[in-house]
Amino acid sequence: MSDSKQLGEYLRMQRKKKGLTLVELSEKSGVSQPYLSQIENGKGGIPSPDILFKLTKPLGLTHAQLMIKAGHIQLGQFDHEDDILETDYEAGMREKEYQERIAKINEMAVLKKDLSNFLQQPDITYHGHQLTDQDKQLIAAYLDALYRDRISSEK
């Protein structure tokens, strides 16, 4: 799609889908509001790759999507836009997986801070010597004795 009118309509649709005014899109992208208006009305020509890049984040699109829509990237005879571009569903799933990984990392960080959980892990070493299960049990017993008053008051 290299027709400036079609590109303008597409960009307007994407902007409205995000609930943005031209002024808001201008503020978020750094592209002047009059130029954005010209683009949307098909009178600004095809924006440069740099201008398209500035629009990606506020519109929630990839640079590749906009480059294809603007005609800067030509798909081959057997290529389809859907083969290259991530769908909203795929993007949502990727974001969900990312958030789940972050939550798991945060959970593991909290667990590792507690020595009782840390001692359950394999391959713990002390000055280069691997601790045996018996070593770990002894360390836990020493810590229990050391913190006996605090542990019993928490229960």
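**Helix packing, salt bridges and backbone features**

Ile-105 lies in helix H7, which spans residues 88–113. In this predicted model, Ile-105 is exposed, with a relative accessible area of 52%. Together with Tyr-98 and Ile-102, Ile-105 makes a nonpolar surface patch of about 280 Å².

The mean pLDDT of the chain is 83, and 82% of the residues reach 70 or more. Where pLDDT is low, the predicted coordinates should not be read in detail.

A search of the whole structure returned two salt bridges. In one of them, Glu-40 pairs with Arg-12, with the closest N and O atoms 3.4 Å apart. Glu-40 belongs to helix H3 (residues 33–40) and Arg-12 to helix H1 (residues 4–17), so this pair ties together parts that are 28 residues apart in sequence. Glu-40 also meets the side chain of Arg-15 in a salt bridge, at an N to O distance of 2.6 Å. Arg-15 lies in helix H1 and Glu-40 in helix H3, so here the parts tied together are 25 residues apart in sequence. Through shared partners, the salt bridges join Arg-12, Arg-15 and Glu-40 into one network.

Glu-40 counts as buried, because its relative accessibility of 5% falls under the 20% cut-off. Arg-15 is likewise buried, with a relative accessible area of 7%. Arg-12 has a relative accessible area of 24% and is therefore partly exposed, this value lying between the cut-offs of 20% and 50%.

Helix H5 comprises residues 63–70, and six of its eight residues are buried, so the helix is largely enclosed by the rest of the structure. The buried residues of H5 are Gln-65, Leu-66, Met-67, Ile-68, Lys-69 and Ala-70. Just after H5, Gly-71 takes a positive phi of about 90 degrees.

Thr-56 is located in helix H4 (residues 49–59). This residue is buried, with a relative accessible area of 9%. When neighbours within four places in sequence are left aside, the contacts of Thr-56 are with Leu-61, Thr-62, His-63 and Leu-66.

Asp-123, in the loop between helix H8 (115–118) and strand E1 (125–126), has a phi near 60 degrees. Asp-123 is exposed, with a relative accessible area of 59%. His-127 is found in the loop between E1 and strand E2 (129–130), and its phi is positive, at about 50 degrees, although the residue is not a glycine. At a relative accessibility of 67%, His-127 counts as exposed.

Conventions: Residues are numbered from 1 along each chain as its sequence is written. This is a predicted model: local features need pLDDT of at least 70, side-chain atom pairs count only at pLDDT 80 or more; totals for chains, interfaces and linings use all residues. Side-chain values use heavy atoms; hydrogens and water are left out. Patches are made of residues with over 30% relative accessible area and no salt bridge: like charges are joined within 9 Å, nonpolar side chains (Val, Leu, Ile, Met, Phe, Trp, Tyr) within 5 Å. Accessible areas come from the Shrake-Rupley method with a 1.4 Å probe; for residues, only the protein chains shown count as cover. A salt bridge is a side-chain nitrogen of Lys or Arg within 4 Å of a carboxyl oxygen of Asp or Glu. Helices (H or I, at least four residues) and strands (E, at least two) are DSSP runs, numbered from the N terminus. Buried means under 20% relative accessible area, exposed over 50%, partly exposed in between (1.4 Å probe, protein chains only). pLDDT is the predictor's confidence in each residue, from 0 to 100. Contact means heavy atoms within 4.5 Å.
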